[in-house]
Amino acid sequence: MAVDLGGTNFRVCSIKLNGDSTFNLAYSKVAIPKELMVAKKASDLFAFLAREIKHFLQQHHGDHFEQHSRRRMTSSSPDGYKDEHVFRMGFTFSFPVQQIGINKGYLIRWTKGFDIPDAIGKDVCALLQEEIDKLHLPVKVAALVNDTVGTLMARSYTSPGKTGAILGAIFGTGTNGAYVEKLSKLKKPLAGEYDNSTGEMVINTEWGSFDNQLNVLPNTKWDDALDKSSVNPGVQMYEKRVSGMFLGEILRLVLVDLIKDPKISLFRDENSNSNDWHSTTTIAQNSGIYRQWGLDTSIMSVAAADNTPELSILRQELETVLQIYAPSLEDAQAFKAIANAIGRRAARLSAVAIAAIVLHSGKLSDPAYKDEPIDIGVDGSLVEHYPYFRDMIFEALRAVEGIGEEGAKRIRIGIAKDGSGVGAALIALIAAGMESKSAAATAATGKKTNSQFIEELRSEARSKDIPMFTIKREDSEKAETTTDE
Ligand code: GLC
């Protein structure tokens, strides 16, 4: 099983391995209520998550759930219930944590609009397990995973070729990346228990907080305004210029400035003659444009995708989503140009982080990669839905010294759809395997390099000569079968 708390939604999924390298995936998604993102007590949020896990089990694993409830009623453990943690659950928790064990990590800080001071410094696995146990659910939090780590894992397993992905990255509500590093290169002292037999470790970079001092990041008065009125001023400065949660707000702040400027006639055709729709333009008083976070980034995708001569799709969207009635063609063109500039800046900044990891990895000059692509797994609403986002990333990669035209051709950026969930479930499986092995056995089997490990994971699937991943959605979302981008 896997759950994913990462931003806008909480997702629960269970994965059944069919033994033939395919699996079935049951999946549910619920928006996280805004008030819980800034709850007083950590337990308010975590109790909500546990309740969602319970609903999911009842809905998708009803038989199992019933049997478990019946059995536990007849058991003789101290609190009257038997400890039957049947499901091993991977917990994708996409916030910065100091991880000190496979299922133990202390929250460093919240990001992406969450702000529950009570949770800071606490073990987030224990917080969730406590609420799960209160409901007597047959679930054990077996692994703590950042979404980028899950994405790296899932992409390494699914991406075609001999070598695994070198980077798992998220460009969604937030942005971040994880890659595999040699232990010998790590400078920070590491707390907690970990297996060092491979000589490597996955690093969650938390690049969203890159250059919080603004030494090199571009900065405008709108970036400043956004930061000042955020719940975490001064941090996640790179993320605040790159990810989906923030781009719409930057656009909104620019637009409000232009609307207020008497010298500029944006959304202000008061004479129907000056408007190509022969109407006057009005902005409803309750339009999201006048509210913080009131302009959802998704309208920027509509703007980028609308290539009709009159921008009629975007203008329709301005009416229905932002209550800006009868915008003129010039209004829509201005909106589109500003939105594109913000989106393009985000994509080019994204390329900086990707390029840094590619160059740092040395893979472009590694003989083992001579005939292999440098594979990067990505996920997130921005990279999935913002038109030309990947194209703009490549445009920028080609301009980076040390990568250039030739290097960019060797980089493959592929979507790892739902990678964080699938990756977390895979990691939970491995964690369950680790639990059942003796320490000695773990040490004996542990001496594998990363690529041997990936190869082992994949070889079983290949030997069956069928696509590695066949995902069947069992819920209301549309059925989907996927092997790669
Ligand atoms: C934020 C979180 C990080 C996460 C990223 C993408 O930057 O701090 O942990 O990976 O968002 O969801």
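Q: What volume does the largest cavity have?

A: Rolling a probe the size of a water molecule over the atoms shows where empty space is left. On a 1 Å grid over the protein atoms alone, a cavity is a set of points where a 1.4 Å probe fits but cannot get out. Its volume is the space filled by probe spheres set on the points, which are joined across faces, edges and corners. Here the largest cavity has a volume of about 90 Å³. The count is one cavity of 30 Å³ or more. This is a predicted model: local features need pLDDT of at least 70, side-chain atom pairs count only at pLDDT 80 or more, and totals for chains, interfaces and linings use all residues. Residues are numbered from 1 along each chain as its sequence is written, and side-chain values use heavy atoms, with hydrogens and water left out.

Q: Which elements each supply at least two residues of the lining of the largest cavity?

A: Lining residues have an atom within 4 Å of a point. Helices (H or I, at least four residues) and strands (E, at least two) are DSSP runs, numbered from the N terminus. The elements are β1 (2–5), β2 (9–17), β3 (23–31) and α15 (419–436). Among the lining residues are A2, R11, Y27 and D418.

Q: Which strand order does the open sheet of five strands have?

A: Strands of a sheet pair through backbone hydrogen bonds, either parallel or antiparallel. Two strands count as paired if DSSP finds at least two bridges between them. The order is β10-β9-β8-β13-β14, with mixed pairing. β10 (200–204) and β14 (411–415) are the edges; each has a single partner strand, so one side of each lacks a neighbour in the sheet. β9 (residues 175–182) and β10 pair in the antiparallel sense over five bridges. A178 stands opposite N204 in β10.

Q: Which strands does helix α11 lie across?

A: Axes are lines fitted to C-alpha atoms, for helices over the stretch in contact (heavy atoms within 4.5 Å). Angles run from 0 to 180 degrees between N-to-C directions. α11 (residues 329–361) lies across β8, β9, β13 and β14, at about 175 degrees to β8.

Q: How many residues of helix α9 are buried?

A: Buried means under 20% relative accessible area (1.4 Å probe, protein chains only). In α9 (residues 298–305), six of the eight residues are buried, so the helix is largely enclosed by the rest of the structure. They are I299, M300, S301, V302, A303 and A304. Their cover includes α8 (244–260), α10 (312–322), α11 and α12 (381–385).

Conventions:
On a 1 Å grid over the protein atoms alone, a cavity is a set of points where a 1.4 Å probe fits but cannot get out, and a pocket is an open set with protein on both sides within 12 Å along at least five of seven lines; lining residues have an atom within 4 Å of a point. Buried means under 20% relative accessible area, exposed over 50%, partly exposed in between (1.4 Å probe, protein chains only).
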